[in-house]
Amino acid sequence: MSNVQTMEFDPDIDIQVLDGVYEPAEDSFLLLRSIDIRPGIRILEVGTGSGFIALHCAKAGVLVTATDISPVAVETARSNAKRNSLQIDIVQTDLASGISGKFDIILFNPPYITGEDGDVLTKREKEQLVGGSGGHEISIRFLDEVHDLLCEGGDIFLLTSSQSENNILEYARGIYEMEHMLNKELFFERLSVYRFNKTV
Amino acid sequence: MKHDMMEILCCPVCKSDLELKAMKEQDGDVIEGILACKKCSHDYKIENSIPNLLPP
């Protein structure tokens, strides 16, 4: 389809990150590169953090709703949107619990570190990075919660780590069709992005 | 928040529709206000244009 656009990093988008908010990193860039969009679609980004991905999508001409549980994160995303003169709808909520609409694309770069690996982190870092005792619990709750928010034919893009993805993929098999999109090898793990579609 | 966001928001507790009570608006944006659940009567604040839909 000629009107499908793959997302690329745009250095002209000025992202500033307040203390306590996840700074765009390898996983953010990998998720961004996995997304293909068409103008006019509606996107939900869960756990937007600084708004890095949401603002790239908004600049590409799509309607974006972005959520985060952290008050500092939603304020950071709001000020980044204003600084770049881009419109995103921002909601402070736990995953998508306060959202009821339908979306063509749903995105999540979740916390995915295991509780054990997170033992060395500060409390604030744990809140940003630990995905539950097994590293997969938040991602599974996300996949469960957004199932009814996804349009027929819509796509979920979820970032995973090799250290915690097996349980996520096993859970998703029952309710979604899935496709491996991209991966990046790091020295201690492999990051991947999977696309999920509702099973027919 | 824009008024049309009401179409995609719900009570995080019972998933019912919310009623908007705008207290301060600017250029079509609700800067401060309350989102009241029509079913379970929980109230959620809008502050600095951002609805806070965390359970009370």
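**View 1. Helix 4 of chain A gives the largest share of the lining of the largest pocket, four residues.** Helices are DSSP runs of H or I with at least four residues, strands are E runs with at least two, and both are numbered from the N terminus. This is a predicted model, where local features need pLDDT of at least 70, side-chain atom pairs count only at pLDDT 80 or more, and totals for linings use all residues. Residues are numbered from 1 along each chain, and chains are lettered from A in the order in which they are written.

**View 2. The largest pocket has a volume of about 940 Å³.** Its lining holds 46 residues; closest to the centre are Tyr22(A), Pro111(A), Glu127(A), Gln128(A) and Leu129(A). Elements of chain A that give two or more residues include helix 1 (26–34), strand 3 (42–46) and helix 5 (137–146). A pocket is an open set of points on a 1 Å grid over the protein atoms alone, where a 1.4 Å probe fits, with protein on both sides within 12 Å along at least five of seven lines; lining residues have an atom within 4 Å of a point. The volume is the space filled by probe spheres set on the points, which are joined across faces, edges and corners.

**View 3. The second largest pocket holds about 480 Å³ of space.** Of its 19 lining residues, Arg78(A), Lys82(A), Gln87(A), Asp29(B) and Ser49(B) lie nearest the centre. Helix 3 and strand 5 (89–92) of chain A and strand 2 (29–37) of chain B each give two or more residues. Helix 3 of chain A gives the largest share, three residues.

Methods: Heavy atoms only, no water.
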